[in-house]
Structures are given as structure tokens and as C-alpha cells.
Amino acid sequence: MMDLALLIWTFLWLSLLCVGGGLGVIPEMERQSVTIHGWLTAREFVDGYTLTQLTPGPNMLVAVFVGYRAHGVLGAILAGLAMFLPTSVLAMVVSHHWQQWRARPWAAFVERALIPVGVGLMAGGVYTLARTAIHDGVTAALAVATALLVATDRVPPIFVILAAGGVGWLLSH
């Protein structure tokens with residue numbers, strides 16, 4: 001029961017770190033889930049993140065995956081609620097007032113100041129995922145090719161990711 005409460009608490013405070021998008025919280029989520037609490041392995045975390053990217057919805061659905069691996073269906077539900085409820089309430093409160101605040105000088109300053117914070121957090125998320133997923137020249141080449149194809153916007157990302165996963169699987173067998 002205490003570990004379930006710890007799971008809820010962990011995702012409650014992690015949800016408040018999602019500045020600039022969910023990818024920014026990935027390094028700390030991975031550290032909490034793998035290193036500190038041992039709810040899953042680093043490889044399972046990357047696989048879970050990848051699977052949640054293939055599903056419709058926000059990329060923080062990885063919290064549901066971690067909760068499921070830690071405590072089954074109940075863990076998945078509670079981790080999902082803990083991850084999404086606080087930020088949803090906060091977003092509703094802030095968005096309700098943002099139009100009147102937006103004209104103030106401090107609001108523009110806050111928006112500009114959060115851009116590098118969000119970019120830095122997202123870069124940390126990419127690094128955390130790449131550290132586990134890229135382990136040799138083949139996976140590095142596959143990651144670079146996938147990133148370049150996704151950046152062109154010529155092919156839908158879902159197809160690129162599925163193709164890269166298929167190629168990676170074929171090369172590993």
C-alpha cells in the first residue's frame with residue numbers, strides 16, 4: 001500500500017515539472033521509475049515510452065505504463081490520474097486568466113523565459129531516451145535516419161517510427 005502511495009506522490013509532483021511539454025520530465029521520470037523505485041528496467045521504460053508514442057493521446061501516457069508495470073491496472077489508473085489531473089486543473093485556472101494577463105509586460109517576459117527552459121528540458125528527455133535506446137552504430141544510424149525523415153514532414157511520423165522499429169527488429173534477428 002505504501003508503494004502505491006509513493007507511485008501516486010511521484011507522479012503528482014512529476015506532473016508539475018512538465019514545462020514545455022512532457023518530454024522535459026522524462027529524465028526525472030526515468031530516474032524515479034528505474035533507479036530510485038525499481039518499478040521497471042531502463043529498457044522497459046524506453047519500450048513503454050515508445051509504445052505510448054504510437055497510441056493516440058499525450059506522450060505522458062508513459063506514466064500509465066509505469067503504473068501498470070508497478071501495480072497492475074490500479075497502478076495504471078492512479079498514475080494516470082496523478083500525472084494528468086494536477087496539470088489539467090492548473091491549465092484551466094491559468095488559461096482562464098491568461099488573456100487578461102497576456103497584455104502585461106511580465107507575461108511576455110515569462111513566455112520568453114520559459115522557451116529555453118522548455119528546450120533544455122526536452123533535450124534532457126531526448127538524451128535520457130537515447131542513452132538507453134542507442135547502443136551501437138546500427139541503432140545510432142537508425143535514430144539519425146528516423147529523425148531526419150520525421151524532420152522533413154514528407155512522411156507521417158507514425159510510419160517512420162513503425163518502419164524504424166521494423167528495421168531494428170529485423171537487424172537484431
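Where is Val 62 found? I looked this up before anything else, in what is a predicted model. Val 62 sits in helix H4.

**Entry: whole chain**

I went through the secondary structure next and found seven helices and zero strands. Along the sequence I read the pattern as α-α-α-α-α-α-α. I took the box filled by the C-alpha atoms along the principal axes, and it comes to roughly 55 × 45 × 25 Å.

I then looked up the surface. The chain has about 10,400 Å² of accessible surface, and carbon and sulfur atoms account for 74% of this. Of the 173 residues, 26% are buried. For the charges, I noted 8 positive and 8 negative side chains, with the centres of the two sets 10 Å apart.

I also checked how far contacts reach along the sequence. Among those between residues at least 6 apart, 60% join residues at least 24 apart.

**Entry: the core**

I turned to the largest nonpolar core, which has 22 residues. The members that touch the most others are Phe 11, Ile 26, Met 29, Phe 45, Val 62 and Met 83. Two or more residues each come from helix H1 (2-15), H2, helix H3 (42-54) and helix H4 (62-101). H4 gives the largest share, six residues.

I followed two of these members. Leaving out residues up to four places away in sequence, Met 83 touches Phe 11, Leu 14, Ser 15, Cys 18, Val 25, Met 29, Met 60 and Ala 63. On the same terms, I listed Ile 26, Met 29, Phe 45, Gly 48, Tyr 49 and Thr 52 as the residues touched by Val 62.

**Entry: back to Val 62**

Why does Val 62 count as buried? Its relative accessibility is 0%, and the cut-off is under 20%, so Val 62 counts as buried. I also took one distance from this residue. Val 62 and Pro 116 are 54 residues apart in sequence, and their C-alpha atoms lie 24 Å apart in space.

**Entry: Glu 30**

Glu 30 belongs to helix H2, which spans residues 26-36. Is Glu 30 buried or exposed? I found a relative accessible area of 7%, which is under 20%, so Glu 30 is buried.

Which residues is Glu 30 in contact with, leaving aside its neighbours within four places in sequence? I wrote down Thr 35, Ala 42, Phe 45, Thr 128, Arg 131 and Thr 132.

Technical notes
Residues are numbered from 1 along each chain as its sequence is written. This is a predicted model: local features need pLDDT of at least 70, side-chain atom pairs count only at pLDDT 80 or more; totals for chains, interfaces and linings use all residues. Side-chain values use heavy atoms; hydrogens and water are left out. Helices (H or I, at least four residues) and strands (E, at least two) are DSSP runs, numbered from the N terminus. Buried means under 20% relative accessible area, exposed over 50%, partly exposed in between (1.4 Å probe, protein chains only). Contact means heavy atoms within 4.5 Å. Accessible areas come from the Shrake-Rupley method with a 1.4 Å probe; for residues, only the protein chains shown count as cover. Lys and Arg count as positive and Asp and Glu as negative; His and the chain ends are not counted. The place of a charge is taken as NZ of Lys, CZ of Arg, CG of Asp or CD of Glu. A nonpolar core is a set of buried Ala, Val, Leu, Ile, Met, Phe, Trp, Tyr and Cys residues joined through side-chain atoms within 4.5 Å.
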